[in-house]
Amino acid sequence: EVQLVETGGGLVQPGGSQRLSCAASGFTFSSYAMSWVRLASGKGLEWVSAITGGGTSTRYVDSVKGRFIISRANANNALYLQMNNLGPEDTTVYYCVKGIGSGFSPQYDCWGRGTQVTVSS
């Protein structure tokens, strides 16, 4: 069974940092691109960042470029999202999602349950 479990959410002050983790199981992790997707207030789901299966290429939505860093540890079946200089607009639920192949694609076939990040003083 494919499973994705996010951890690392919580309350953080504006300008602070938070690191999200996603533990993957049930599939060959290194063979699939992974993404982080978040709920955007009034906009529905917003793709945040993606990384290829081998971890050699990454992409980001413009609003997080220069602030967020996606990475993965294939030996540990783990995906990460380092979030820096957080602002209230980053407050939402973040989901770890599995792609359908090793390269970038807007298609996903498995989602975690999400982890809440709240940026507030």
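Salt bridges, ring pairs and strands

Q: Which residues are linked in a network of salt bridges?
A: This is a predicted model, in which local features need pLDDT of at least 70 and side-chain atom pairs count only at pLDDT 80 or more, while totals for chains, interfaces and linings use all residues. Residues are numbered from 1 along each chain as its sequence is written, and side-chain values use heavy atoms, leaving out hydrogens and water. A salt bridge is a side-chain nitrogen of Lys or Arg within 4 Å of a carboxyl oxygen of Asp or Glu. The network of such bridges links R38, E46, R67 and D90.

Q: How many residues apart in sequence are the parts that the pair of D90 and R38 ties together?
A: D90 forms a salt bridge with R38, and the closest N and O atoms are 3.0 Å apart. Strands are DSSP runs of E with at least two residues, and helices are runs of H or I with at least four, numbered from the N terminus. Because D90 lies in the loop between β8 and β9 and R38 in strand β4, the pair ties together parts whose separation in sequence is 52 residues.

Q: Are D90 and R67 buried or exposed?
A: The side chains of D90 and R67 meet in a salt bridge of 2.8 Å, N to O. This pair links distant parts of the chain, 23 residues apart, with D90 in the loop between β8 and β9 and R67 in the loop between β6 (58-60) and β7. Buried means under 20% relative accessible area, exposed over 50%, and partly exposed in between, with a 1.4 Å probe and protein chains only. By these cut-offs, both D90 and R67 are buried.

Q: What is the angle between the planes of F27 and Y32?
A: Rings of Phe, Tyr and Trp (its six-membered ring) pair if their centres lie within 6.5 Å; planes under 30 degrees apart count as stacked, over 60 as edge-to-face and the rest as tilted. By this rule the count comes to four aromatic pairs. F27 and Y32 form an edge-to-face pair, 5.7 Å centre to centre, and the angle between their planes is 75°.

Q: In which strand is W111, the partner of Y95?
A: Y95 and W111 form an edge-to-face pair at 5.9 Å centre to centre, with 70° between the planes. The pair links distant parts of the chain, 16 residues apart, Y95 being in strand β9 (residues 92-99). Y95 is buried at 16% relative accessible area, whereas W111 is partly exposed at 36%. The strand that holds W111 is β10.

Q: Which residue lies over the face of Y32?
A: Ring pairs link F27, F29 and Y32 into a cluster. A charge sits over a ring if NZ of Lys or CZ of Arg is within 6 Å of the ring centre and within 35 degrees of the ring normal. R72 lies over the face of F29, at 4.2 Å from the ring centre. Over the face of Y32, at 3.7 Å from the ring centre, lies K98.

Q: Which residue takes a positive phi in the hairpin of β7 and β8?
A: Two strands pair if DSSP finds at least two bridges between them. Strand β7 (residues 68-73) and strand β8 (residues 78-83) run antiparallel, joined by six bridges, and I69 stands opposite Q82 in β8. The hairpin has four residues between the strands, and the residue with a positive phi, near 55°, is N77.
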